[in-house]
Amino acid sequence: MGRSSDVPALRRGLAILRVLAGRAGPVSAGVIARDLDLPRSTTYHLLAELVAAGFVIHLPEERRYGLGMAAFELGSAYLRHDPLERLAGPLLRRLVDQVGCTAHLGVLHGGESLYLIKERPSQPQTLVTDVGVRLPAQLTASGRAMLARLPAAHVRALLPSSERFVQRTDRGPRNLPELRRLLATERRRGWAVEDGFVTAGFASVACAVFDHGARPIAAISVTFRHFCDTPRDEPCNQTWPELADQVGQAATELTTRISGRTV
């Protein structure tokens with residue numbers, strides 16, 4: 001067993017890796033020391049250990065440090081283990097048992113929603129949303145649950161032009177201003193709703209899942225039959241708060257399981 005005095009050093013070393021991971025490129029030891037409020041001598045000592053272990057590389061000509069190959073290998077191993085899907089699977093199965101609707105785990109893939117998991121009730125209904133399927137993020141509840149928690153500039157970068165605002169039915173945002181208004185409403189409410197945006201006669205409710213930096217990393221959604229008979233330019237006026245509460249509980253539990261936070 002390691003000494004208890006090793007624990008603070010380990011935490012500081014991990015904090016350095018997070019600083020490097022959050023930067024667009026290599027940074028100096030001085031920047032790291034400032035960001036973490038560490039003495040320079042301590043920072044250099046920790047960096048030397050991380051370099052020796054392969055988690056950090058030193059660029060002597062630039063006097064900067066960046067992530068090393070060992071950090072890349074850890075990230076690759078993380079993806080191979082499918083931790084998000086493994087942790088979410090039991091939560092989605094429990095959610096399906098509670099609400100009797102099809103549940104999904106989705107992530108953003110550029111300007112699209114990509115579905116990683118689909119759990120169905122004992123009497124499922126045919127849906128276009130399936131594992132591996134990609135749909136326009138602005139149309140899906142899961143996509144907008146994540147978009148609503150991103151900076152405005154990030155949303156604009158994902159959907160830079162009107163050509164990206166494709167339609168599947170006659171409903172859903174058709175341009176960036178419409179999307180922004182919808183996202184503002186859903187951000188205040190705490191969950192996203194789509195009613196007939198993807199498939200006529202079906203609606204979805206979704207809540208975001210957050211990583212350790214309070215960034216939206218995924219979304220949990222449920223889909224069910226519902227016919228909206230209002231005109232396209234008018235909301236369907238149903239947001240299903242009771243259902244959203246159950247979806248939100250599952251999303252919050254997954255956030256906790258991946259050591260994420262919401263604020």
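The buried residues of helix H5 are Pro83, Leu84, Ala88, Gly89, Leu91, Leu92, Leu95, Val96 and Val99. The model is a predicted one, and its protein chain has 9 helices and 8 strands. Of the 263 residues in the protein chain, 43% count as buried.

**Geometry of H5**
- H5 has a kink of about 35° at Gly89, a position that comes shortly before the proline Pro90.
- Just after H5, Gly100 adopts a positive phi of about 70°.

**Nonpolar cores**
- The largest nonpolar core has 31 residues, and those with the most contacts inside it are Leu95, Leu105, Val205, Ile220, Val222 and Leu254.
- Two or more residues of this core come from each of H5, strand E3 (102-109), strand E4 (112-119), strand E7 (202-210), strand E8 (216-225) and helix H9 (241-257), and the largest share, 7 residues, is that of H5.
- A second, separate core has 14 residues, among them Leu20, Leu38, Leu46 and Leu47.

**Contacts and surface**
- Beyond its neighbours within four places in sequence, Leu105 is in contact with residues including Leu84, Ala88, Leu92, Leu116, Ile220 and Leu254.
- Among contacts in the protein chain with a separation of 6 or more, 57% are between residues 24 or more positions apart.
- The protein chain has an accessible surface of about 14,400 Å², and carbon and sulfur atoms account for 53% of that surface.

Note on methods
Residues are numbered from 1 along each chain as its sequence is written. This is a predicted model: local features need pLDDT of at least 70, side-chain atom pairs count only at pLDDT 80 or more; totals for chains, interfaces and linings use all residues. Side-chain values use heavy atoms; hydrogens and water are left out. The bend at a residue is the angle between axes fitted to the seven residues ending there and the seven starting there. Helices (H or I, at least four residues) and strands (E, at least two) are DSSP runs, numbered from the N terminus. Buried means under 20% relative accessible area, exposed over 50%, partly exposed in between (1.4 Å probe, protein chains only). Contact means heavy atoms within 4.5 Å. Accessible areas come from the Shrake-Rupley method with a 1.4 Å probe; for residues, only the protein chains shown count as cover. A nonpolar core is a set of buried Ala, Val, Leu, Ile, Met, Phe, Trp, Tyr and Cys residues joined through side-chain atoms within 4.5 Å.
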